[in-house]
Amino acid sequence: MEKAKKCVFCEIVAGRAKAYKVYEDELSMCILDIAPFTEGHCLVIPKRHAQFWHDLTEKEIECLFKTARMVAKKMLKQYNSDFICMYARGRRIPHTHIFPVPTASRWPSQIPKARVLDQPAMNIDLFSTSLAAAGIQLPKDRVIDGKDMLPLLSGKDKSSPHEFIYFYKGKQLQAMRSGNWKYQLKHYVYYSPMGKKQGPWLFDLAKDPNESYNVIGLYPELARKFEKQTAAWQKNFDRGLK
Ligand SMILES: [Zn+2]
């Protein structure tokens, strides 16, 4: 009960914390996200406190996904989306939340439709990709970490131009991706209702896409290699700031 009392979603379900409620039924609730990826980004949560979706009962699962599907259908219509992307989480906020996000990606003359890509890309690539699409050269007086994703999107290239992807909070490097690995640096901190948690962590995203199991103890050499690499990258980044 102590855990449930501190949980923000339990507070919302109990009516003690504010949220914009989109829909509610016996076992599930849909609310708007407080920091949406895009317009319409919602959270669908079970009313009972349970950390992961696989901790739910069959009836709760049925209710949760029925609500998510209903909301997704409304999003498709409202936002003219190509599809609705869905994530099921429970780590940072340890109360199951699935979030449907309206998603569109279209350029019929350049990008074949209905392709599914499993290669890494991120928002930093939008700048380089947009400039390439407009036929504009990237500035040459600084390092641009985003890459042009058009060859990958068009099918010309089969793999992402990123060998490594770095994640920042402000100017501080927080994490890196390399292949299936995600390395969180030692100063990476997040606060959960259970208290403060701090890196370094290593996750094998092929086996653990939810980043639930730190495997740094199993791969200490790999972690050391990533630690050195991220330190060198941060130094380079600090020097190159404009
Ligand atoms: Zn809860």
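Let's start with the domains. The protein chain splits into domain 1 (2-103), domain 2 (119-157) and domain 3 (163-240). These bounds come from an automatic or database domain assignment. Residues are numbered from 1 along each chain as its sequence is written. And this is a predicted model: local features need pLDDT of at least 70, side-chain atom pairs count only at pLDDT 80 or more, and totals for chains, interfaces and linings use all residues.

How far apart are the centres of domain 2 and domain 3? Taken over C-alpha atoms, 24 Å separate them. Five residues from domain 2 and four residues from domain 3 make the contact. Two residues are in contact if their C-beta atoms, placed from the backbone, lie within 7 Å. Look at the side of domain 2 that touches domain 3: three residues are nonpolar, none is polar and two are charged. For those classes, Ala, Val, Leu, Ile, Met, Phe, Trp, Tyr, Cys and Pro count as nonpolar, Asp, Glu, Lys and Arg as charged, and the others, Gly among them, as polar.

Now the whole chain. The C-alpha trace spans about 55 × 45 × 30 Å along its principal axes. The secondary structure comes to six helices and 11 strands. Helices (H or I, at least four residues) and strands (E, at least two) are DSSP runs, numbered from the N terminus. Of the 242 residues, 20% count as buried. Buried means that 20 or more other C-beta atoms lie within 10 Å of the residue's own; exposed means 12 or fewer, and partly exposed is in between, with C-beta atoms placed from the backbone. Take the contacts with a separation of 6 or more: residues 24 or more positions apart account for 45% of them.

Next, the cores. A nonpolar core is a set of buried Ala, Val, Leu, Ile, Met, Phe, Trp, Tyr and Cys residues joined through C-beta atoms within 7 Å. In soluble globular proteins, nonpolar side chains tend to be buried together. The largest core here has 22 residues. Which of them touch the most other members? They are Cys30, Cys42, Leu43, Val44, Leu64, Ala68 and Val71. At least two residues each come from α2 (8-13), β2 (28-32), β3 (42-46), α3 (58-79) and β5 (97-103). Helix α3 gives the largest share, six residues. Zoom in on Val71. Leave aside its neighbours within four places in sequence, and Val71 is in contact with Val22, Tyr23, Cys30, Cys42, Val44 and Pro100. There is also a second, separate core of seven residues, and Ala175, Tyr183, Leu185 and Phe226 are among them.

Back to β5. Why is β5 largely enclosed by the rest of the structure? Because six of its seven residues are buried. Its partner is strand β4 (residues 83-89): seven bridges join them, and they run antiparallel. Two strands pair if DSSP finds at least two bridges between them.

Now for another sheet. Four strands form an open sheet in the order β6-β7-β8-β11, with antiparallel pairing. The edges are β6 (164-169) and β11 (201-204), each pairing on one side only. From one strand to the next, the twist averages 20°. For such angles, axes are lines fitted to C-alpha atoms, for helices over the stretch in contact, and angles run from 0 to 180 degrees between N-to-C directions.

Let's walk across. Six bridges join β6 to β7 (residues 172-178). Tyr168 stands opposite Leu173 in β7, and Ile165 stands opposite Arg177. The hairpin of β6 and β7 has two residues between the strands, and there Gly170 takes a positive phi near 60°.

Next step: β7 pairs with β8 (residues 181-184) over four bridges. Ala175 faces Gln184 in β8, and Ser178 has Trp181 as its bridge partner. This hairpin also has two residues between the strands, and its Gly179 takes a positive phi near 55°.

One more residue. Glu24 sits in strand β1 (residues 21-24). Is Glu24 buried or partly exposed? Partly exposed, with 13 other C-beta atoms within 10 Å. Compare its position with Gln174, 150 residues apart along the chain: their C-alpha atoms are separated by 37 Å.
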